[in-house]
Amino acid sequence: MDLQQRKNPRELCIEIIVHVLTWSYIFLSPLLFKRRGESIEWDHYLHGCMLPLTVCIAFYLNYFLLVPRYLLAKGKEKWFYIINVLLFIVYQSSVELQSFIFPPIPVKGPHSPMGKPHLPPKIYFIVRGLLLYIFAIGVSVALKLSMRWRRSEQARAEAELGRSQAELKNLKNQINPHFLLNTLNNIYALTAFNQEKAQQAIHELSRLLRYMLYENQTDRVSLCKEVDFLKSYIALMRLRIYNNVDVQVNFDVPDDENLQVAPLIFISLVENAFKHGVSTSGKCFIHISLTATREHLRFSCENSNTPKNESDKAPGGIGLKQVASRLEYAYPGRYTWKSGVSQDGQTYYSIIDLYDKKD
C-alpha cells in the first residue's frame, strides 16, 4: 500500500489545501500583480499558462506515479530517469509543434524597434523548459522522500513504544513469580514453628496477590494503594523475623487518590532488605520510609549490611535489575537512584527520588 493511502483525513485535507493554494498562486499571479487600470490580454495570459501547466503535469506525474513506482523501488531507478527524459522530449516536441501551428504572439517593447517581433533564441526556451522540468521533478522527489522519512520515523517510534511496553510487561511478569517465591518460602518457614502465624501469613498473602492481580496490570496505580501493599508485605515479614531486628517504617503520603506511581516499583528493595538485612548474630535493623508530594517522591530503604556467606549459593541481583529497568521505562529522565554501602560498611542503603513530569 502506498504511503499516500495511509494518511489520516486531517493530514490529507491539509495537503490538498496546500497544493490548491500553491498552484492557484502560480496560475493567478499574472492577474494579481497587474497594474491598476491595465486591461487583461487573455491571449497572452493563456499562452503564459502553458509553461506552469506543463510543470504542474510533470510534478504530479512524478509525485503520484514515477517516484513511488520507479525511483523508490529497488532495481527500477533507471526507468525513472529514462521515462522522464522521454517525457521531456515529448514535451519539447509538442512545444515545437505548437509554435509551428500557433506562432508566438509578438511582444512590443524597447527591444523590438518599430513593433517588429523580437523572439529570444530557441535554445533559451529549451534550457528554460528543461530547468523548470527538473525543478518540478526535484520538488516531487523531495516531498515524497520527506513523507517517506516521516512515515518511517513514525513507524520506528511506534515499534520502539511497542517494544518498551512489551519489555515492561515482561518485567512485571518476572516480578510476580520472584516475589511469590520469596513469600512462599517465608510461609514455609513459619509452618515449622507457629501454625497460627502461618495462617495469618496466608491471609496476608491473599491480600497481596489480590493487589498484584488487579492493580499490577496498569501503568500507574494510586500511591495510597501501593503504600497499603508495602505495609501488608512488611507485616507479613514481621511474622518471621527475629527479635533482634529493629524494623522502623514511616510512610508520609497525602491521602490523595490522584497521586499515582508505577506499581511494584519498590517491593524488590523491601524484599532485599528483609533478605539481606537480617542476621541471627547481633542486632540488625531495617528502616523504610516514603514521603511524597505532588512534585516529588522519595523512597528510602536502609538495612544492616550482612554479606552472604561463601557457602550461600542462592542466586541474587534479579530484584535490583528489575528495579533499574522499571525506573528507566516508567520514569525516563525523571528519577535518581542511589544505592550502596555506607563508609563504615555497616549499612546498605537505597534511595529513589521520583520527580513530576515537566512540561
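Glu204 is buried, at 11% relative accessible area. Buried here means under 20% relative accessible area, exposed means over 50%, and partly exposed lies in between (1.4 Å probe, protein chains only). The model is predicted, so local features need pLDDT of at least 70 and side-chain atom pairs count only at pLDDT 80 or more, while totals for chains, interfaces and linings use all residues. Residues are numbered from 1 along each chain as its sequence is written, and side-chain values use heavy atoms, with hydrogens and water left out.

**Salt bridges**

Glu204 pairs with Arg207 in a salt bridge. The term requires a side-chain nitrogen of Lys or Arg within 4 Å of a carboxyl oxygen of Asp or Glu. By that rule there are three salt bridges.

| Pair | N to O distance |
|---|---|
| Glu153 and Arg156 | 3.4 Å |
| Arg207 and Glu204 | 3.7 Å |
| Arg298 and Asp353 | 2.8 Å |

Arg207 is partly exposed, at 39% relative accessible area. Arg207 and Glu204 sit three residues apart in helix 5 (residues 195–215), so about one helical turn separates them. Helices (H or I, at least four residues) and strands (E, at least two) are DSSP runs, numbered from the N terminus.

Glu153 and Arg156 repeat that spacing in helix 4 (residues 122–191): three residues, about one turn. An α-helix has 3.6 residues a turn, so residues three or four places apart point the same way. Glu153 is partly exposed at 29%. Arg156 is partly exposed too, at 48%.

Arg298 and Asp353 form a salt bridge between strands. This pair links distant parts of the chain, 55 residues apart: Arg298 is in strand 5 (residues 296–304) and Asp353 in strand 7 (residues 347–355). Asp353 is buried, with 5% relative accessible area. Arg298 is partly exposed, at 38%.

**Helix 6**

Helix 6 covers residues 223–238, 16 residues in total. At 1.5 Å a residue it should span 22 Å, and its end C-alpha atoms are 22 Å apart, which agrees. The expected span is 1.5 Å times one less than the number of residues. Buried residues of helix 6 include Leu223, Val227, Phe229, Leu230, Tyr233, Ile234 and Met237. Glu226 and Ser232 are also among the buried residues.

**Nonpolar patch**

Trp79, Ile82, Val85, Leu86 and Ile89 make a nonpolar surface patch of about 470 Å². Leu86 lies in helix 3 (residues 77–101). Patch residues have over 30% relative accessible area and no salt bridge; like charges are joined within 9 Å, nonpolar side chains (Val, Leu, Ile, Met, Phe, Trp, Tyr) within 5 Å. Accessible areas come from the Shrake-Rupley method with a 1.4 Å probe, and for residues only the protein chains shown count as cover.
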